[in-house]
Amino acid sequence: MGAKIAKDKLPDFSWELHISELKVQLKSNVIPIGYIKKGIFYHRALLFKALADKIGLGCSLVRGEYGRAWNEVKLVNESRKGLTGGLPLPEVYIVDLMFHPGALLKLQSREADLYRFL
């Protein structure tokens with residue numbers, strides 16, 4: 001789906017032309033996800049969800065407004081494990097797939113809000 005995209009280059013990212021070319025080439029409005037080489041938020045989030053399901057990683061696909069989508073994962077912080085005598089509650093993170101692919105953003109952070117509502 002491509003590498004990271006700078007936030008200031010996002011308006012110039014021409015994924016629409018790539019998708020249109022695929023539709024003409026396949027003579028269909030249905031495009032297999034594996035054919036997409038340039039993807040925006042919801043393309044990447046859908047692919048991540050499919051891969052996470054395949055390997056058994058608990059992940060949710062959340063659809064926002066204006067073509068936005070993101071993945072949320074729940075992870076247990078290993079450094080706090082056992083401090084209270086039991087397992088701590090898992091924390092919810094958003095997986096950044098656009099600006100810093102693979103980075104985890106805490107759900108209730110400013111960075112996560114910018115990612116979801118930029």
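Here is a short walk through this structure, point by point.

1. A word on the model. This is a predicted model, in which local features need pLDDT of at least 70 and side-chain atom pairs count only at pLDDT 80 or more, while totals for chains, interfaces and linings use all residues. Residues are numbered from 1 along each chain as its sequence is written, and side-chain values use heavy atoms, with hydrogens and water left out.

2. The overall plan. You will find three helices and four strands in the protein; helices (H or I, at least four residues) and strands (E, at least two) are DSSP runs, numbered from the N terminus. Read from the N terminus, the elements follow the order α-α-β-β-β-β-α. The C-alpha trace spans about 60 × 30 × 25 Å along its principal axes.

3. The four strands form an open sheet in the order 1-2-3-4, with antiparallel pairing; two strands pair if DSSP finds at least two bridges between them. At the edges are strand 1 (59-63) and strand 4, each of which pairs on one side only. Direction ignored, neighbouring strands of this sheet are turned by 40 degrees against each other on average. As background, strands of a sheet pair through backbone hydrogen bonds, either parallel or antiparallel.

4. Strand 3 and its partners. Strand 2 (residues 69-75) runs antiparallel to strand 3 and is joined to it by five bridges; Asn 71 has Val 95 in strand 3 as its bridge partner. Strand 3 also pairs with strand 4 (residues 103-106), again in the antiparallel sense, over four bridges. Here Tyr 93 stands opposite Lys 106, and Asp 96 stands opposite Ala 103. These two strands form a hairpin with six residues between them, and Gly 102 in the turn has a positive phi of about 95 degrees.

5. Why is strand 3 largely enclosed by the rest of the structure? Five of the six residues in this strand (residues 91-96) are buried, so the rest of the structure largely encloses it. Buried means under 20% relative accessible area, exposed over 50%, and partly exposed in between (1.4 Å probe, protein chains only). Across the protein, buried residues make up 34% of the 118 residues.

6. Helix 3 against the sheet. Helix 3 (residues 110-117) packs on the sheet and touches strand 2, strand 3 and strand 4; contact means heavy atoms within 4.5 Å. The direction of helix 3 makes about 50 degrees with that of strand 3, where axes are lines fitted to C-alpha atoms, for helices over the stretch in contact, and angles run from 0 to 180 degrees between N-to-C directions.

7. Two loop residues to look up. Ile 33 lies in the loop between helix 1 (15-26) and helix 2 (41-55) and counts as partly exposed, at 30% relative accessibility. From Ile 33 to Phe 117 there are 84 residues in sequence and 24 Å in space, C-alpha to C-alpha. Glu 78 sits in the loop between strand 2 and strand 3 and is exposed, with a relative accessible area of 55%. Glu 78 and Pro 90 are 12 residues apart in sequence and 10.0 Å apart in space, C-alpha to C-alpha.

8. Contacts through the chain. Of the contacts between residues at least 6 apart in sequence, 40% join residues at least 24 apart.
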